[in-house]
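Here is my note on the model, point by point. Please read it with the structure open.

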2 protein chains.
Amino acid sequence: MQGVTFIGADTGRWSVQRITAWCGATLPVVSAVERIEGAGDQPFGLPAAPATGRAWALHGFRSNERYTHAGEKRQLVAAQEGLDRVGATCAALIPIRKSAAWWALAQDERREIFEAQSRHIAIGLEYLPAIARRLYHCRDLGEPFDFLTWFEFAPTEAPRFDGLLARLRSSPEWAWVERDVEVRLSSAAVRSPAGG
Amino acid sequence: MQGVTFIGADTGRWSVQRITAWCGATLPVVSAVERIEGAGDQPFGLPAAPATGRAWALHGFRSNERYTHAGEKRQLVAAQEGLDRVGATCAALIPIRKSAAWWALAQDERREIFEAQSRHIAIGLEYLPAIARRLYHCRDLGEPFDFLTWFEFAPTEAPRFDGLLARLRSSPEWAWVERDVEVRLSSAAVRSPAGG
């Protein structure tokens with residue numbers, strides 16, 4: 001399992017700029033968010049130290065693609081960049097829950113809404129590599145959300161990121177979303193590249 | 001979460017007839033298997049009493065369909081019957097793990113192999129309602145298998161069940177299977193219908 005834990009607390013690597021509930025209940029206000037990838041005996045990851053003022057913890061896992069076709073996957077892999085880039089000091093955590101009616105649809109019906117009607121993959125592709133993205137699943141863990149999507153980008157990309165979200169939220173797919181919370185974050189620290 | 005735990009031990013509702021490893025490592029030999037559906041605070045279920053001689057426990061969860069199209073789903077729903085039928089005193093637990101190469105395929109490539117090439121859904125449909133089936137997922141839990149499939153049928157259906165398994169195992173899909181263990185079970189007890 002490639003699990004993750006997001007902890008909302010008083011302190012953490014990412015400072016909260018704002019939390020907006022677009023649909024359904026919001027998350028409790030916190031000052032910071034920490035993203036902790038799991039490994040080995042700690043599949044969801046554990047904080048290095050207990051988070052002070054911890055208000056919430058959300059768990060998820062990386063998994064295989066559920067809708068992406070081969071040609072789309074090739075385009076994504078060719079265009080995307082990883083997380084933790086120097087300069088990518090803005091981030092967003094967007095937990096989403098879809099309706100029971102969505103999950104009762106067959107695979108082809110969900111794919112039709114997701115891509116043929118809403119162009120979810122094609123729209124995301126337009127913003128690569130500037131806006132890096134990692135999807136975690138959590139519905140099957142009995143969590144309060146179905147997905148946790150994590151984005152990282154440079155501050156200059158923030159207006160384009162707002163545009164990306166607006167396009168997705170106005171798509172037919174979002175009629176099936178019943179909870180959508182946007183946690184916008186920034187990291188003041190200048191980070192070193194991996195191994196630097 | 002709709003979780004489940006299968007416990008292999010000295011005692012349990014289902015007596016083990018045989019355990020066959022068709023591919024990859026087998027499971028330790030046990031005398032009985034218990035299937036415990038989770039609920040509420042115990043998402044994977046807990047045994048009513050600690051199982052004696054417990055040799056293994058496998059966890060999984062029910063989830064949305066990953067490959068079934070709408071027309072296929074309508075046929076399955078119309079034809080299938082539930083578990084726990086009077087007379088369905090034979091069962092099988094078949095844990096499967098697929099290769100990393102399978103999981104690296106895109107959604108349309110997996111569907112192509114699963115149904116267009118292997119007719120997995122269409123073959124299963126031929127055996128409904130006699131052979132009842134419930135699929136649990138477990139790859140995303142970090143379990144040793146990717147799926148746990150549970151079957152229940154009358155003893156007179158055992159030869160047809162063998163035929164169903166032989167057809168699936170000879171399909172192109174099975175080239176992607178790297179572990180496949182078949183646990184065949186019987187329940188001597190005459191069970192009452194629900195509420196009876």
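1. Start with Asp140(A). This is a predicted model, and in it Asp140(A) is buried, with a relative accessible area of 8%. The cut-off for buried is under 20%. The side chain of Asp140(A) meets that of Arg66(B) in a salt bridge, at 3.2 Å from N to O. Arg66(B) is buried too, at a relative accessible area of 14%.

2. Where do the two partners, Arg66(B) and Asp140(A), lie? Arg66(B) is in the loop between β4 and α1 of chain B, and Asp140(A) is in the loop between β6 and β7 (147-153) of chain A, so this pair joins two chains. Between chain B and chain A the count is two salt bridges. Over all chains, the structure holds 32.

3. Now the interface as a whole. On chain B, 24 residues are in contact with 24 residues of chain A. The two chains bury about 1,900 Å² between them. Carbon and sulfur atoms account for 46% of that area. Three residues stand out on chain B: Asn64(B), Gln107(B) and Asp140(B) supply 28% of the area that chain B buries against chain A, more than any other three residues.

4. Polar contacts and composition come next. Across the interface of chain B and chain A, 14 residue pairs are in polar contact, with both residues at pLDDT 80 or more. On the side of chain B that touches chain A, β4 (56-62), α1 (70-79), α2 (100-104) and α3 (107-117) each supply at least two residues. Of the elements, α3(B) gives the most, with four residues. The residues of this side divide into nine nonpolar, six polar and nine charged.

5. Which residues of helix α3 (residues 107-117) of chain A are buried? They are Gln107(A), Arg110(A), Arg111(A), Ile113(A), Phe114(A) and Glu115(A). Seen down the axis of α3(A), these buried residues fall within an arc of 165°, so they line one face of the helix.

6. Just after α3(A), check the backbone at Arg119(A), which takes a positive phi of about 50°.

7. Two salt bridges within single chains deserve a look. In chain A, the side chains of Arg134(A) and Glu37(A) meet at 2.8 Å, N to O. The pair links distant parts of the chain: Arg134(A) is in strand β6 (residues 132-137), Glu37(A) is in strand β3 (residues 32-37), and they are 97 residues apart. Glu37(A) counts as partly exposed, at 29% relative accessibility.

8. In chain B, the side chains of Arg97(B) and Glu178(B) form a salt bridge at 2.8 Å, N to O. This pair also links distant parts of its chain, with Arg97(B) in strand β5 (residues 90-98) and Glu178(B) in strand β8 (residues 177-186), 81 residues apart. Buried or partly exposed: which applies to Arg97(B)? At 27% relative accessibility, Arg97(B) counts as partly exposed. Glu178(B) is partly exposed as well, at 35%.

9. Chain A also holds a network of salt bridges. Its members are Asp162(A), Arg169(A), Asp180(A), Glu182(A) and Arg184(A).

10. Ser99(A) sits in the loop between β5 (90-98) and α2 of chain A. At 14% relative accessibility, Ser99(A) counts as buried. Leaving aside neighbours within four places in sequence, Ser99(A) is in contact with Trp176(A) and Glu178(A).

11. Last, Gln75(B). This residue is found in helix α1 of chain B. At 44% relative accessibility, Gln75(B) counts as partly exposed. Gln75(B) and Ala122(B) are 47 residues apart in sequence, and their C-alpha atoms are 9.6 Å apart in space.

Note on methods:
Residues numbered from 1 in each chain as written. Chains lettered and ligands numbered in written order. Predicted model: local features only at pLDDT ≥ 70, side-chain atom pairs only at ≥ 80, totals over all residues. Heavy atoms only, no water. Contact = heavy atoms within 4.5 Å. Buried area = accessible area lost by both parts, 1.4 Å probe. Salt bridge = Lys/Arg side-chain N within 4 Å of Asp/Glu carboxyl O. Polar contact = N/O pair within 3.5 Å; in protein donor to acceptor, adjacent residues only side chain to side chain. Nonpolar A, V, L, I, M, F, W, Y, C, P; charged D, E, K, R; others polar. Buried < 20%, exposed > 50% of the residue type's maximum accessible area, 1.4 Å probe, protein only. Arc of directions from axis to C-beta.
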